[in-house]
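Have a look at the chain first, and then read on.

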Amino acid sequence: MHFKTAKNRAVKRDVPGAVCSLCAQDIYLGERVWCCNGMTVCRDCFERFARGVLKPFEIVLGEEMEI
């Protein structure tokens, strides 16, 4: 996770606080992010990120495999 800090409090909202690991867009202070396994993910990339992380647990009902 890479965070940048600003010394002047008035300027903080204009300075990126992090960078999205998926789309490389700047994420600004006050924006919602998700941090997991060393990745920082912005709101726009959350659905793609969640689908990828949860992919191993995806099943099609009626096609479950017996263990």
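**Overall layout**

What you see is a predicted model. The protein holds four strands and one helix, and reading from the N terminus the order is β-β-β-β-α. How much of the protein is buried? Of its 67 residues, 18% count as buried. The accessible surface amounts to about 5900 Å², and carbon and sulfur atoms make up 54% of that area. As for contacts between residues with a separation of 6 or more, 11% of them link residues 24 or more positions apart.

**Charged pairs**

Side chains of opposite charge can pair when their charged atoms come close. How many salt bridges does a search of the whole structure find? The search turns up two, and both are set out here.

| Salt bridge | N to O distance |
|---|---|
| E47 and R51 | 3.3 Å |
| E58 and K55 | 2.7 Å |

Take E47 and R51 to begin with. Both residues belong to helix α1, which covers residues 46-54. Why are E47 and R51 separated by about one helical turn? They are four residues apart in that helix, so about one turn lies between them. At their closest, the N and O atoms of this pair are 3.3 Å apart. E47 and R51 are both exposed.

The other pair joins the side chains of E58 and K55, with 2.7 Å from N to O. Is E58 buried or exposed? Its relative accessibility is 52%, and the cut-off for exposed is over 50%, so E58 counts as exposed.

**Two positive phi angles**

Now to the backbone, and to a pair of loop residues. A24 is not a glycine, yet its phi is positive, at about 65°. Where is A24 found? A24 lies in the loop that runs between β1 (16-19) and β2 (26-28). With a relative accessibility of 55%, A24 counts as exposed.

N37 is the other residue to look at here. Its phi is near 50°, again a positive value in a residue other than glycine. Because its relative accessibility is 73%, N37 counts as exposed.

Notes:
Residues numbered from 1 in each chain as written. Predicted model: local features only at pLDDT ≥ 70, side-chain atom pairs only at ≥ 80, totals over all residues. Heavy atoms only, no water. Salt bridge = Lys/Arg side-chain N within 4 Å of Asp/Glu carboxyl O. Buried < 20%, exposed > 50% of the residue type's maximum accessible area, 1.4 Å probe, protein only. Contact = heavy atoms within 4.5 Å. Areas by Shrake-Rupley, 256 points an atom, 1.4 Å probe, with all protein chains shown as cover.
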